[in-house]
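Keep the viewer open as you go, and try each task before you look at its solution.

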Amino acid sequence: MTERLEGAVALVTGGSSGNGREIALTFADEGARVTVADVREEPREDGTPTHELIEQRGGEALFVETDVSDVDALQNAVDETVETFGALDVMVNNAGVFPGMQPVTDVDEEDYDTLMDINLKGVLFGSKLAAEVMREQEDGGAIVNLSSIAGLNGFDDSSLYCASKGGVANLTRELAMELGPDGIRVNAINPGVIETAMTTEDEEVAGTMTGTIPLQRDGLPEDVADVALFLASDEASYVTGHNLVVDGGLTASA
């Protein structure tokens, strides 16, 4: 590894499984001290908890049980990170849920509140609390939000998911403008179909779009983690307010 995050402190929400797990592992391999914030410690995939695996590899990591829909829980994760590692340089707002295909006529208020509290409220307040720390630091910091291609394009029977991820996409642009003077960069990743437990368990999603993807394969968590690493590193020091699509070309003609 190139140690592109040597000495940095990163907090990754939803870091126990899927894209968040791979982001946390990649950041640690590149020299970061990492807080894994998730509602569960065990990965949805079989394996060692993310923070324990980082420690086994010789890195420094912390697990904090965190429900991102609860602002107090997010505050606790930020506080624990700063208390343990002394700073917060990178915030990755990765935690999110996909409710499956659901026509808008089947959506009720509880569905809306649950999804928005996790997918959008969690990102907004995760960014807010991170920014409060970062603006007091000499070097500012970097915030990386996980949106989706569903935040840039419409998809059938996905009104709630598209609304939540569209909110993340535009929130990212606004925060880049607002926090730029404080030396805080804010970017988003917009993945397409990525092979995680969340997608492979959904028969309406798993493998259904592979043939229409120009690169002829579904994405891997490593594809997302590599982009997150770039956006978190000094290599992206002049990149902010950007939604970076990672979809194998699926939306290239949209």
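Keep in mind that the model is predicted.

**Exercise 1. Work out how α4 and α5 are arranged, and list what lies between them.**

Solution. 

Step 1. Find helix α4 at residues 109-134 and helix α5 at residues 159-179.

Step 2. Check the handedness: α4 and α5 make a right-handed crossing.

Step 3. Look at the side of α4 that meets α5, where you will find residues including Tyr 112, Leu 115, Leu 120 and Val 123. Among the residues that α5 brings are Tyr 161, Val 168, Leu 171 and Leu 175. Sorted by class, this contact has 14 nonpolar, 4 polar and 2 charged residues.

**Exercise 2. Describe how α3 packs on α4.**

Solution. 

Step 1. Helix α3 covers residues 71-85, and its axis is 10 Å from that of α4, at an angle of about 35°.

Step 2. α3 passes α4 in a right-handed crossing.

Step 3. From α3, the residues in this contact are Val 71, Leu 74, Gln 75, Val 78 and Val 82. On the α4 side, they include Phe 125, Leu 129 and Val 133. The classes here are 7 nonpolar, 3 polar and 2 charged.

**Exercise 3. Decide which word describes the arrangement of α1 and α7: parallel, perpendicular or oblique.**

Solution. 

Step 1. The axes of α1 and α7 come within 8 Å and cross at roughly 50°.

Step 2. α1 and α7 are therefore oblique to each other. The crossing in which α1 passes α7 is right-handed.

Step 3. In α1, the contact uses Gly 18, Asn 19, Glu 22, Ile 23, Thr 26 and Phe 27. In α7, it includes Pro 221, Val 224, Ala 228 and Leu 229. By class, the contact has 8 nonpolar, 3 polar and 2 charged residues.

Step 4. Now pick out Glu 222, which is also part of this contact and sits in helix α7. Glu 222 is partly exposed, with a relative accessible area of 37%.

**Exercise 4. Find which residues touch the most other members of the largest nonpolar core, and which element gives this core its largest share.**

Solution. 

Step 1. Start with a general idea: in soluble globular proteins, nonpolar side chains tend to be buried together.

Step 2. The largest nonpolar core has 30 residues, and those that touch the most other members are Leu 5, Ile 23, Phe 27, Val 34, Ile 54, Val 92 and Ile 189.

Step 3. Elements that each supply at least two residues include β1 (9-13), α1 (18-29), β2 (33-38) and α7 (221-232). The largest share, 7 residues, comes from α7.

Step 4. Zoom in on Ile 189: leaving aside residues up to four places away in sequence, its contacts include Val 144, Leu 146, Val 224, Val 227 and Leu 231.

Step 5. There is also a second, separate core of 28 residues, with Leu 11, Leu 129, Ala 131 and Ile 184 among them.

**Exercise 5. Sort Val 90, Ser 233 and Gln 216: is each one buried or exposed?**

Solution. 

Step 1. Recall the cut-offs: buried means under 20% relative accessible area, and exposed means over 50%.

Step 2. Val 90 lies in strand β4. Its relative accessibility is 2%, so Val 90 counts as buried. Among its contacts beyond four places in sequence are Leu 11, Phe 27 and Ala 232.

Step 3. Ser 233 is in the loop between α7 and β7 (243-246). Ser 233 also counts as buried, at 2%, and beyond four places in sequence it touches Arg 4, Leu 5 and Arg 185.

Step 4. Gln 216 belongs to the loop between α6 (197-200) and α7. With 52% relative accessibility, Gln 216 counts as exposed.

**Exercise 6. Look at the backbone: what is the phi of Gln 216, and what is the phi of Asp 157?**

Solution. 

Step 1. Most residues other than glycine have a negative phi.

Step 2. Gln 216 has a positive phi, near 60°. Asp 157 has a positive phi as well, near 55°.

Step 3. Asp 157 is found in the loop between β5 and α5. Asp 157 is partly exposed, with a relative accessible area of 39%.

Conventions
Residues numbered from 1 in each chain as written. Predicted model: local features only at pLDDT ≥ 70, side-chain atom pairs only at ≥ 80, totals over all residues. Heavy atoms only, no water. Core = buried A, V, L, I, M, F, W, Y, C linked by side-chain atoms within 4.5 Å. Buried < 20%, exposed > 50% of the residue type's maximum accessible area, 1.4 Å probe, protein only. Helix = DSSP H or I, 4+ residues; strand = E, 2+ residues; numbered from the N terminus. Contact = heavy atoms within 4.5 Å. Axes fitted to C-alpha atoms, helices over the stretch in contact; angles between N-to-C directions. Parallel < 35°, antiparallel > 145°, perpendicular 65-115°, else oblique. Left-handed = near helix turned anticlockwise from the far one by under 90°. Nonpolar A, V, L, I, M, F, W, Y, C, P; charged D, E, K, R; others polar.
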